[in-house]
Amino acid sequence: MSLTVQTMGVWGTLIGANSHLHWASALSHGCYKCCRDAGCLAPSPAELSLQQDQRTLLIMRLLAQTLTVCLAFSLCRSDHHGGQHATITLPPDHHSFHHGAVVDRCKGIEFDAVAVNELGVPYFFKGDHLFKGFHGEAELSNATFAELDDHHHLGHVDAAFRMHSEDSPEHHDHQFFFLDDKVFSYYKHKLEDGYPKEISDMFPGIPDHLDAAVECPKPDCPNDTVIFFKDDDIYHFDIKTKKVDEKEFKGMPNCTGAFRYMGHYYCLHGHQFSKFDPITGDVHGRYPKEIRDYFMRCSHFGKKSVEEHIEREKCSRVHLDAITQEDDGDIYAFRGHHFLSVSGDKFHSDTIESAFKELHSEVDAVFSYEGHLYMIKDSEVFVYKVGEPHTHLEGYPKPLKEVLGIEGPLDAAFVCADHHIVHIIKGQTIYDVDLKATPRVAGNERPLTKFKKVDTAMCGPKGVTIVIGSHYYQFQSPMEMIASKAIPEQHNVAQELFGCDH
């Protein structure tokens, strides 16, 4: 913006003979700092202390220039921001991720709290948002837990846990949230009457402004217990007796969140985590580890060695998208942007795009047949000849309806050795497709109601493996899987299928 001599003259006339007094008053109220920070050429308080009779004219002249420049700067700022005040960008680990915020779990944010619901799905809280499970967009916490934070508008959850106690049936499977000095209790996502309550009323001896909380049911702890964290202090709260034992967990950093998952206890600190013993606080194994490697589906971040990539895919708690086993026993498992291959005792991990560049990522289902991988993504089928490298067959992708006679999306597909029938799972229904028939038609429709949702499945020397979340179930054959009324023993995907040692 250009400033004219005439403009400065007008300012000088308006200011008048006592302008130096007004300027000194403005300085006393911090305006000097505002103009200084804005880049204005304002005189300092020391300059104003000089003799009035020697400096009055100079001060008027400088003041006129200063106020004009500051006014121009202010108008520019107002115009640039549409007449609104400039917004302040908060650091990524700040609590204030509010309604309009875009929260990205893969940016390495520090979560405020974690709680696992009655179905075993972790809820990760940040500001007034939450993430359900291991992938997906953030949503407002109030959308799932109505009235949460409506009373206080704190914009975040300090701590959370799901109560597990046979000794306290009135609170069993209830979810508790801690905000400042209040506790909220929800059952089936509904706030219970009488809540929120003071933390001291519900959990006497437990302080306000908690950092984390996690349930510790029997037999993990001697009695049904809740473990509370605040700074360096650890409190074991006996649900039945309401007795509080203060502990000292020397081997573990301060927890910003804590949760129990698949029988293990995890302490979150920043965007890392450690697995700990709930009684002693001991941390065994190679910790801390990166949350995004094991509890998030994030495609690319940081530099990792080959061994670190393999460990990530072997030990991740994020559910698999697709898995298949070839006749020779080799396994291919797909999750997000990555895949893991297992051949005997050798593991290999890489991005899907590097080995199957036409697919890029996000495979819905995969099955092996006659030395080829049939990979299903949305409503298309990609076919690769197994080898080094894998060869994408000409003419593919083709429509799923054309290749298998069924509309997508699909949850799982598998072929058992020496057979030509692909078994397709879609929701709670299973279909058969004869791969030697022309045209191929999805038929022999049967219900599969023992599982609410199947993530993926494969068939191999040990029979049919159904994968749901971090667990899998085995059946001797597709017929047994369909006919059986009982759900077989639950197995751990990371430890038992891939040999993860933690």
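Trainee: What makes C315 and C500 a disulfide?

Mentor: The sulfur atoms of C315 and C500 sit 2.1 Å apart. A disulfide is a pair of cysteine sulfur atoms within 2.5 Å, so this pair passes. C315 belongs to helix α9, while C500 is in the segment after α13, so the link ties together parts that are 185 residues apart in sequence. Before we go on, keep in mind that this is a predicted model, where local features need pLDDT of at least 70, side-chain atom pairs count only at pLDDT 80 or more, and totals for chains, interfaces and linings use all residues. Residues are numbered from 1 along each chain as its sequence is written, and side-chain values use heavy atoms, with hydrogens and water left out.

Trainee: How do you know whether C315 and C500 are buried or exposed?

Mentor: Check the relative accessible area: buried means under 20%, exposed over 50%, and partly exposed in between (1.4 Å probe, protein chains only). C315 comes out at 2% and C500 at 6%, so both fall under the 20% line and count as buried.

Trainee: How many disulfides are there in the whole structure?

Mentor: A search of the whole structure finds 4. One of them joins C416 to C459, with an S to S distance of 2.0 Å. C416 lies in the loop between β27 and β28 (421-426) and C459 in strand β31, so that link ties together parts 43 residues apart in sequence. C416 is buried at 11%, and C459 counts as buried at 7%.

Trainee: What about C216 and C221, what makes them a disulfide?

Mentor: Same test: their sulfur atoms are 2.0 Å apart, within the 2.5 Å limit, so they form one. The torsion is about 100°, so it's right-handed. C216 has a relative accessible area of 0%, and C221 has 1%.

Trainee: You mentioned helix α9. How do you know where a helix or strand is?

Mentor: Helices (H or I, at least four residues) and strands (E, at least two) are DSSP runs, numbered from the N terminus. In α9, I310, E311, R312, E313, K314 and C315 are buried.

Trainee: What covers those buried residues of α9?

Mentor: The cover includes β17 (289-290), α8 (291-294), β19, β20 (338-343), β21 (346-351) and α13 (493-497).

Trainee: Why is the pair E313 and R335 called a salt bridge?

Mentor: A salt bridge is a side-chain nitrogen of Lys or Arg within 4 Å of a carboxyl oxygen of Asp or Glu. For E313 and R335 the N to O distance is 2.9 Å, so the pair qualifies. E313 sits in helix α9 (residues 306-315) and R335 in strand β19 (residues 331-335), so the pair ties together parts 22 residues apart in sequence. Both E313 and R335 are buried.

Trainee: And what makes K453 and D411 a salt bridge?

Mentor: Their N to O distance is 3.6 Å, which is within 4 Å, so they pass too. K453 is partly exposed at 47%, whereas D411 is buried at 16%. The structure holds 14 salt bridges. R446 and D432 form another, at 2.7 Å, N to O. That pair links distant parts of the chain: R446 in strand β30 and D432 in strand β29 (residues 429-434), 14 residues apart.

How values were computed:
Contact means heavy atoms within 4.5 Å.
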